[in-house]
Structures are given as C-alpha cells and as structure tokens.
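Here is a short briefing for anyone meeting this structure for the first time. Take a look at the picture, then read on.

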Amino acid sequence: MSAPAPSVFSQESLSCLEALGLIKGRPNLEVFAETLLELARMDPLILAVTSDSRGSGKLGPFGKALPRQIVEVGIAEQNLVGVSAGLAATGFKVFATSPACFLAARALEQIKNDVAYSDNAVVLVGISAGVSYGALGSTHHSLHDLAALRAIHNIEIFCPADNFEADVIVRHAAGSKKPAYIRFGKAPLHDLPKKGQPMLPTKARVLVEGSGIGFIATGETVIHAVLAAQTIRERTGQQPRVLSMPCLRPLDTTSILETAARCDVILSVEEHMIHGGLGEACAAVLAQNGDHQCRLKIIGIPDEETVTGSQADIFRHYGISREGLLFAAQPYLSA
Amino acid sequence: MTEALHDRLVLKTLHLRKRFLRAIRHAGAGHTGGSLSCIDILTVLYHCVLNISPETVDHPDRDRYIQSKGHSVEALYAVLADRGFFPESDLDTLCRYQSAYVGHPTRKVRGIEQNTGALGHGLPIAVGTALGAHLKGRPFRVFTLLGDGEMAEGSNWEAAMAAAHYQLDNLTAVIDLNGLQITGPTDGVMSTALLSEKFAAFGWAVQEVDGHDLPALAAALASRALQRKPTVVIARTIKGKGISFMENVSSWHHGVPSEAEYKQAISELDGAIAKMGGLS
C-alpha cells in the first residue's frame, strides 16, 4: 500500500483547526450540485448544461432526479456556452458546467460575447478550478480565469471558500438576472469561522476582526489565512484581521479599504496566478483610494511553469499554507 | 409567390440596397459586398417567412432571427427599418459616436435578438434557442444566417452536431455562399467544397437555392424538414450583387464607395428600378 498523499495541513495546522473547532466539510462541488438540485426541483426553468462533465460536476444525482432539466452538449466548450446563451434567451436559468481550465479559456470568446455582451444571464460553473487537478498539469489548471473574466464587462465572479459560501452563492446566482461565473475546487473544505451568519454574496466576510496584519483571501486558500492568523495571535498576542473575499466582481472595495485603515500590511492570498487576480485587484484599490499607509504582499502562483504535484503539494510549494503565510508575514510582525 | 408580390419584393430589394449604400457612404464604413449578397435573403425572411413584427418583437412565440455573419449588419438594419422596427432616419447614425447602430448587431437596436459579429457564434446560440423552444414545447422557429467563409470556424461544427443530436426541426441555418471572403476566393482561403454533403453527413436536411431567386428562397425557407432534422439552406449568391463593379470583387468586402462610385451604384439601382416600372 502506498503512503497517503501529504496533506496541505501540517500536524500543527490540524491541531489549530481542532482548537478553533473548524470542522471538515465537503467539496464545494457537492454542495453546488445538491443546492442546484434542490432549487431545480422547485423551478422547472433551471437547467444544468454539461460538456461531458456530469460526473466531474457531481451532477449525476441531478441527472437521475431531473432528466428533463439536464442538457448534454458533449466535449464542446464553445458550443456549451453558445447553446447556454440561446437557452437563457428563451427564459431558462442555465448553469453551464465545465472544468474551469477549458471553460474560461477555450470558450472565453463565447463568455465575452454570447453571455456578457449579449447579457444572457447564464451561470458559468468552473469546476475543479485553480490547481485542483494537481498533477494532471498545466493544461488542466485554471490560474488565469479570474484575470480573464475580470477584464470582461458584465459578469459577476465568485470564488466561494467553504460549503456555506458555496450554498449562498449558488442560491444568489439562481435568482440573479446577471451573468455569473462561479469557481469550485475539488477538495473537501473546512467550515470557516462564523458559518451560518448572514452573508451578502457580493461582500467580503470578516472572519476574524483584528489589526496590524490583514489577510484578504479567496476560495480554497482562505482556511490557511485563518490558521496563520490564529498562530500569529498565539505567538505574538497580535490579532490579524482575516477577510474571505468570495466575490471578485463586484469587488467589495469598502472592506479592502477598511482593512487598509486598520493594518500596516495586507497579505492577499489566492489560488491563481499573481497577475490579474485578487491581489492585483486589491493593489488597484489601495493605490487609487484612501488615506492609508498600508502595504500589500500578493501571495499566489508565481509567473512560472507550475511545479508538478497534487493541489496540496502545489499549495505548499508556493507558500499557500499556514506555514507559508507565517513566513510571508514574518517581516511585518512587531518584535 | 404571386407575380405581384414578387415584383413588389424585387423593387424592395433594390430600394433597400440604395438605402444601406447611403448609410455606408454616410458612415464611411460598412461591409458592402456581403450586405449586397444577403439582402435578398433578408427581404424574403422578413416579408415571407418570419413570424415577427414591431408589435410582436417581445412575444415569447415570435420567430427568432440571429445574424451570425454580423458584419453584414447594414442589410439587416435597412430591412428592420423598412419593416418599421425603428425610424428609417436612424440609419444615418450608423457607426456614429454614441449611436446604438454599431457596425455589428447589438440588442440595443429594436428587433435584434443577439449581439453578434465574432464569427462562429450565431449557430450555437440558435441551437440553444431552438432547443429552448423544444424543451418548452413552444412552436416558434429559429433562423440564422452564416457566411461561407465563416464555415471555417470550428464552433459551427460543434453546433451542427448538437442540432442533429437534438433533432431540432425548428432550426434553419442559411449559408450566404458568395464564394469570397476578405482575403479572396473562399476556395483558396479554406475550401468549403462539398458543403451540402458535409451538412448531410452531420444529419441535416439540405436545400440548395439561388440566393437571389426570391420565390425559390421563400419556398426553401418556409418549409420545415421532415424526419426531425435541422435544415440548412445553402444560398448561392454573388458578393456585391446588383452593382456591376462590385460583383465578385473581394475588395468590396468592406469597401466604402467614393462619391463617384456611390453615384454610379445608385444610378445602376435606379435603372433597375425604372425597368421594373418603379419610382427611384
């Protein structure tokens, strides 16, 4: 028997999770599929459109329960988005599902024109986003999707960090008349602090109130910021502020500037290339607004050929872990 | 088609050619050749086939027309204005600062269903729209117009496969087969040879017509395929049709006539109108 793959959580991280009472939940994709099925049972106009992605999108149960509300287009991402736009134009609420790496690259022109520009309120579901596919390599990574979509007008962009955020965002998208992109990973996610408290899908969530150091993280990286902040508090008595940023557009600039007003430095964390994602979005806000002295450090996947390994390996390699974030925060800790 | 209707529509196509040439000349921009090759198709669609009018532009059961070869928007604007979707004088704002009349179709213009212009997009959207009608059990039909050069876009063939798979007999794709694209003859750029056989192999019902023969177009476009197949109407056309010095000349793809060329073009159209016994 081979040894289990190393986790992104060290023993210290696991102890920290336990101390904080943060319980391991499910992959967000499962929550997406379950919430969508619940909504679609009540609304026959909800359709799931798949590109041979029924299994990877966890939509098997949906297809069995509501076979008339699932449409298969085969391995054809451009057609997936074009057909979804046409279906939306006839009054359906369409969730178009494809691995994020293909959806936000091969079908980018269809997203730009058929969905965003034509204002067809399709919900684009990018599954197994970021480096979820790990060792399958860069063909299967989507480290560009947030940058690509941030440059396209008229599309909301979501990157939920735990099962609670995923559920809130799927419900929001189902009821919205705006085009949207939601990015989901494959890994089971821990519940973040403040689970169950009211959440506005387009606003940041202040997970831990604090000052000095501010973590602004999105998606599957947020838990590591929570753990790093907890460890900093234990070691120094200084409590960093931690925000989850589940929505990249519209961007909650107020929360970014509030953090800048309370902190000497913001560490942004994302499962995305450092160009064009959350970090640079924060940089633009900080550089153009407010009376603050706050610095910014962007943590993500650097501009290089991504190292081979599992998602956990890649996270650890690039410092997207409790330990990596502690190292990044070190220069900013008061003596 | 009665002789009276035929004559009335032929006259209309001549007047519409004049109208969009004036708009292109006024704007100093436009896709002249392709608009001239497809104006007869559009005239037949909007006068003999499509169940749509300015009064039913938002009706859920209206027929849908999606212009995939969006660059020939001048012909579409002229037809829509003539059918009363918006004031004819709006055509003089084509491509002007802050005008809704962009150089490719947008939904800002009354009567336009989808924003198109990037090639290879109309057919997938039309497939989704036709599939939506099937899923809802609605009776409307969906039409899309593509260029022959556009058939090199792979997305069309993804959509062609899906249309047959879903047995979309409410879908008709029209190919404006004018044989020229921006670089030159389509057969030299990327051959579309055996286009009928290609669509037939994809599971479509195929009709070939002279794209300037109004009764033939009306018959082909009005009929729905049997056997639950989508239909493609391959319309053989002449790029620049109706203006002697523009016909079959690829540089008129987006050529804008000079003042002298414009006057000659209008004079040729007026001559054709006079021959029909009409007023220029």
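In what sense do strand β5 and β7 of chain A pair, and over how many bridges? Strand β5(A), residues 123-127, and β7(A) run in the parallel sense, with four bridges between them. Strands count as paired when DSSP finds at least two bridges between them. Strands themselves are DSSP runs of E with at least two residues, helices are runs of H or I with at least four, and both are numbered from the N terminus.

Before going further, keep in mind that this is a predicted model, where local features need pLDDT of at least 70, side-chain atom pairs count only at pLDDT 80 or more, and totals for chains, interfaces and linings use all residues. Residues are numbered from 1 along each chain as its sequence is written, while chains are lettered from A and ligands numbered from 1 in the order in which they are written.

- The complex gets an ipTM of 0.95 and a pTM of 0.96 from the predictor.
- For chain B, the mean pLDDT is 96, and 100% of the residues reach 70 or more; pLDDT is the predictor's confidence in each residue, from 0 to 100.

**Chain A as a whole**

- Chain A has 13 helices and 14 strands.
- With a radius of gyration of 19 Å, close to the 20 Å that the globule rule gives for 335 residues, chain A is as compact as a globular protein of that length. That radius is taken over C-alpha atoms, and the rule is 2.2 Å times the number of residues to the power 0.38.
- The C-alpha trace of chain A spans about 60 × 55 × 40 Å along its principal axes.
- Of the 335 residues in chain A, 56% count as buried. Buried means that 20 or more other C-beta atoms lie within 10 Å of a residue's own, exposed means 12 or fewer, and partly exposed is in between, with C-beta atoms placed from the backbone.
- Take the contacts in chain A between residues at least 6 apart in sequence: 78% of them join residues at least 24 apart. A contact here is a pair of residues whose C-beta atoms, placed from the backbone, lie within 7 Å.

**Around strand β7 of chain A**

- Strand β7(A), residues 180-183, is covered on both faces: A:Ala180 and A:Ile182 are buried on one side, A:Tyr181 and A:Arg183 on the other.
- To get from β6(A) to β7(A), the chain passes through helix α8(A), residues 163-175, in a right-handed β-α-β crossover. Right-handed means that, with the strands pointing away from the viewer, the path from the first strand over the helix to the second runs clockwise.

**A buried cysteine and some backbone details in chain A**

- A:Cys247 sits in strand β12(A) and counts as buried because it has 24 C-beta neighbours inside 10 Å.
- Leaving out residues up to four places away in sequence, A:Cys247 touches A:Glu156, A:Ile157, A:Phe158, A:Pro201, A:Thr202 and A:Asp252.
- The peptide bond from A:Arg249 to A:Pro250 is cis, with omega near 0 degrees, and A:Pro250 lies in the loop between β12 (247-249) and α10 (253-262) of chain A.
- A:Asp52 isn't a glycine, yet its phi is positive, near 55 degrees. You'll find A:Asp52 in the loop between β2 (46-50) and α3 (60-65) of chain A.

**Where the chains meet**

- The contact draws 20 residues from chain A and 19 residues from chain B.
- On the chain A side, α4 (77-89) and α6 (108-117) are the elements that give two or more residues, and α4(A) gives the most, with nine.

**Inside chain B**

- In strand β1(B), residues 64-67, B:Arg64 and B:Ile66 point one way and B:Tyr65 and B:Gln67 the other, and all are buried.
- Strand β1(B) runs parallel to β2(B), residues 142-147, with four bridges joining them; B:Ile66 has B:Thr144 as its bridge partner there.
- Helix α8(B), residues 214-222, has B:Leu214, B:Leu217, B:Ala218, B:Ala220 and B:Leu221 as its buried residues.

Methods: Contact = placed C-beta atoms within 7 Å.
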